[in-house]
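Have a go at each task before reading its solution.

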Amino acid sequence: MINVTVPFDKSIFIKSNKLKFRLEYKQSYIKLLIYVMLTMGLIILIITDKGPSSSFYGIAGMILFILTLNYILRMINVRTLFFREMDALCEKHEQQNFIYTYEFTNDEFSYSDNEKRFHFNWGAFSNYSVINDFFILLIDKRIFFMLHKSETSESQFNDIIELTNSKLSFKKV
């Protein structure tokens, strides 16, 4: 059994949530890039084509421009809401001096803090990953748990990865 007990650390909390947002919304940024490239392509087509089809390109370009602008505004809104909720949660955990406890055993992963306690059999997780010194447990391609290397000793961190590797497959996120 590997037992890790750590107090709330605001800088690690913020760092982990920024990474979580970036990883979970990576596909959205790729889609946004595609929208922008298509819109720019249509704008170039509109500028260079003076024939009868230019009005079609103009209408399609305007629609695509509006959709791209809408997508950008939605991404800004999602990001703002995510970080607003993160700030509120950060304040709460800081005021209540949260203590996090993680237990890794052969049978399960357990998490507890000042408010809740969870037990998960290893079968509940789909994969694990390690990125930017964060150990990550995934459930169906979604980040469920993140532990920073600085919150444990070097040997504990390696033991956690070794135990998890025997239970789950590695997936690069």
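**Exercise 1.** Find the bridge partner of Ser112 in β4.

*Solution.* Start at Ser112 and cross to β4, where Arg117 is its bridge partner. Next, widen the view: β3 (residues 108–112) and β4 pair in the antiparallel sense over five bridges. Strands here are DSSP runs (E, at least two residues; helices are H or I, at least four), numbered from the N terminus, and two of them pair if DSSP finds at least two bridges between them. The model is predicted, so local features need pLDDT of at least 70 and side-chain atom pairs 80 or more, while totals for chains, interfaces and linings use all residues. Residues are numbered from 1 along each chain as its sequence is written, and side-chain values use heavy atoms, leaving out hydrogens and water.

**Exercise 2.** Work out the strand order of the open sheet and name its edge strands.

*Solution.* The four strands run β1-β2-β3-β4 with antiparallel pairing. At the edges, β1 (2–7) and β4 (117–121) each pair on one side only.

**Exercise 3.** Classify the ring pair Tyr128 and Phe170.

*Solution.* First apply the rule: rings of Phe, Tyr and Trp (its six-membered ring) pair with centres within 6.5 Å, and planes under 30 degrees apart are stacked, over 60 edge-to-face, the rest tilted. Here the centres are 5.4 Å apart and the planes at 75 degrees, so the pair is edge-to-face. Then check exposure (buried under 20% relative accessible area, exposed over 50%, partly exposed in between; 1.4 Å probe, protein chains only). Tyr128 is buried at 4%, whereas Phe170 is partly exposed at 45%.
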